Amino acid sequence: MSASVAVYRNIYTEDRFRQTYGTEDRSRGRERLRDRLAQRCSCSQVDCLHLLKRRLPVCSWLPKYKLKKWLLGDIIAGLTVGIVHIPQGMAFALLTSVAPVYGLYTSFFPVVLYMLFGTGHHVSTGTFAVLSLMTGSVVEQLVPIPLALNSSSPEAAEFEAQRIGVASAVAFLSGIMMLCMCGLQLGFLSTYLSEPIVKAFLSAAAFHVTVSQLQSMLGLRLPRYAGAFSLFKTLASVIENVPHTNLAELVISLLCLAVLVPVKEVNSRFRERLRTPIPVEIITVIIATGITYAFSLDSKYDIQIVGHIPAGFPEPRLPALETVPEIAGDTVAITLVAYAVSVSLAMIYADKHGYSIDPNQELLAHGISNTVSSLFTCFPNSGTLATTNILESAGGHTQLAGLFTSLVVLIVLLLIGPLFYFLPKAVLACINVTSLRQMFLLFQDLPDLWRISKIDFMVWLVTWLSVVVLNVDLGLAIGVVFSMMTVVCRTQRASCSVLGRAANTEIYRSINNHNKCYEVPGVKILTYNGPIYYGNRSFFKADMAQLLGLTPERIRSREKALKAIEEREREAINSVEQGVTDSSFSSKNDLFRSEMAEGEVQAVLIDCSSVIFVDVAGARLFTQMCMECQKIGVRIYLANCNESVLKILTSSGLMNYMNPQHIFVTIHDAVVHIQQQREKPPENNTTVWV
């Protein structure tokens, strides 16, 4: 037996509902606002402590740390991620076009800083392939190195210093931008990089990374291209120089791929069974370094090796700030990508483990991380996909895992770094390529995306093609613009439909989708599923005119009919004043009804429940429609208006052409009122029965 509901209450217009249930004294709202402002501006010990915990989250989570429950997991996860950071840091430094040691620095300082200021418990920060690729393009544009330059010459050291200066300047400016965004509370800007954009961008950037590493895997010394069509230029250059391939480096690359790819697949498939992933990257690095040193492969076969890695910390120094005007445009894209990827990762794992993050605090954390680390010759950093996944799967619980990660990198910097002198660059290139596995697998989302939303599918496809064909930063910009254009187009072409009533209920649905919902006689109920603003006012007007039949010919004919009625009315009044009674005279309403065809619309009710906002152009359109409906003798009613829409309509002067008592709280209130108006004169105690 189905349940039923019955409601018996008064009919509520917006004015009547506000008088009954609205705020009685608006000055209280102003007083509360003053109190809130005074509270925000006050300073006390409690407020200072709250601000400290908010801006330095380590002061909040560290006192609550569950030592016995979390410490072991954080230690294992931190050490595992640290081992992965070492080869990946050096590999991604090659993408940035700087020496591998700077990748180790970037794997140390940002990790420590994010541990103090970050809110993501499972986010691992450091070098990220896409950011390294974007930064490397900037470095190559500003500091290109001649191909014939000897890597051991003093000129090479000078070029290397200039390159890391530019990369550090990009990190410094990116950090400053994030700090400014934090100060302006602009954490919401990351929402403009929707999920299809981010995934398509990462997938396409993986192709750029792979193609850029081909020359290192083949032992070729080729120029690095930047700008539009750089992927195809690089690919054409590699194909053209294939005959000059260093066979020894090709063999090393094939052997490394033969080891890395299967082991990474094992790590992925048996992730739940393995306590920690197999550290295949560091094992490969150690073995390759040992073999190269033992058999002197660098001198016998001219294999490119990493070279000298200095032990110890870098001396603090300012980046190449004189390049800021030249790198500003590229840095904006790098900043947005870094923040969007980092916040997306933090939100994914926060939702999975049931805690929340602060997007603006994430801006502060990554801003401080990039700004401070740039003073120690680090390039741009962010949250990373691979190491974050490893950190969570290895049992990490809090940001304390970052401490153990940084300890592993610190040991390498102080003691072990120089031992990687004979590490072949081809091994690092293979590590770069195999680290992109997750990004290539993003193609698996396309069938579901096509099934769920074809518009989002098009956003994904356009972004991917733009990044692959043009360039990373330009493609991202095109993807964002295209995504926003789809939103604009969807609001421009929002649907307008006629509603009908389900019998014996107060439920109204579109008659196109519900064939058992019927229109109320004499009342046309319309709903518009979108905002009404300057961009879609013409479409809204056209849809309304079509549904209501507001053609210029009809308006003119009805105006003539109304003028004829008024003329007959004046003649009848003059006849009465002269003592002559016109038996053919009837009231204006009766005359008007006689002029109307049977079943013609007498009232239009617009459901505004889906109208989220109205601008000045939309408000003026409402006024114009109201005037046109008056010309043909049709009354306008509104229902379900939110307060902001109602305020704009009222301020625009709509009430000069419309009765304020024609604005109702619900559709059913308006329908019952219209029906009662036709049947009998209005009463003070009007009620609605559902």
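In which strand is Ile 525 found? Select Ile 525: strand β7 holds this residue.

**Before you start**

This is a predicted model: local features need pLDDT of at least 70, side-chain atom pairs count only at pLDDT 80 or more, and totals for chains, interfaces and linings use all residues. Residues are numbered from 1 along each chain as its sequence is written, and side-chain values use heavy atoms, with hydrogens and water left out.

**Stop 1: the whole chain**

Show the protein chain as a cartoon. There are 29 helices and 11 strands. Helices (H or I, at least four residues) and strands (E, at least two) are DSSP runs, numbered from the N terminus. Now colour by burial. Of the 690 residues in the chain, 49% are buried. Buried means under 20% relative accessible area, exposed over 50%, and partly exposed in between (1.4 Å probe, protein chains only). Next, consider contacts, meaning heavy atoms within 4.5 Å. Among contacts with a separation of 6 or more, 82% are between residues 24 or more positions apart.

**Stop 2: Ile 525**

Zoom back to Ile 525. This residue is buried, with a relative accessible area of 1%. Show its contacts, leaving aside neighbours within four places in sequence. They are Ser 497, Val 498, Leu 499, Tyr 508, Val 520, Leu 605, Ile 667 and Val 671. Then pick the C-alpha atoms of Ile 525 and Asp 607. They are separated by 7.1 Å, although the two residues are 82 residues apart along the chain.

**Stop 3**

Select residues 523-528, strand β7. All 6 of its 6 residues are buried, so the strand is largely enclosed by the rest of the structure. Check each face in turn. Val 523, Ile 525 and Thr 527 cover one side. Lys 524, Leu 526 and Tyr 528 are on the other, and these are buried too.

Look for Cys 496, whose bridge partner in β7 is Tyr 528.

Lys 524 stands opposite Val 604 in β8.

**Stop 3: helices α7 and α16**

Select residues 109-117 (α7) and 359-374 (α16). Their axes come within 9 Å and cross at roughly 150°. Axes are lines fitted to C-alpha atoms, for helices over the stretch in contact, and angles run from 0 to 180 degrees between N-to-C directions. The two helices are therefore roughly antiparallel to each other. Angles under 35 degrees count as roughly parallel, over 145 as roughly antiparallel, 65 to 115 as roughly perpendicular and the rest as oblique. Show side chains where they meet. From α7, pick Phe 109, Pro 110, Leu 113, Tyr 114 and Phe 117. Their counterparts in α16 include Ala 365, His 366 and Ile 368.

**Stop 4: helices α10 and α11**

Move to residues 195-218 (α10) and 230-240 (α11). These axes come within 10 Å and cross at roughly 20°. The pair is therefore roughly parallel. Contact residues in α10 include Phe 207, Val 211 and Leu 218, and those in α11 include Leu 231, Leu 235 and Val 238.

**Stop 5: helix α8**

Finish at residues 129-142, helix α8. This helix is mostly covered, with 12 of its 14 residues buried. Among them are Ala 129, Met 134, Gly 136 and Glu 140.

Terms used. The expected span of a helix is 1.5 Å times one less than its number of residues. Two strands pair if DSSP finds at least two bridges between them.
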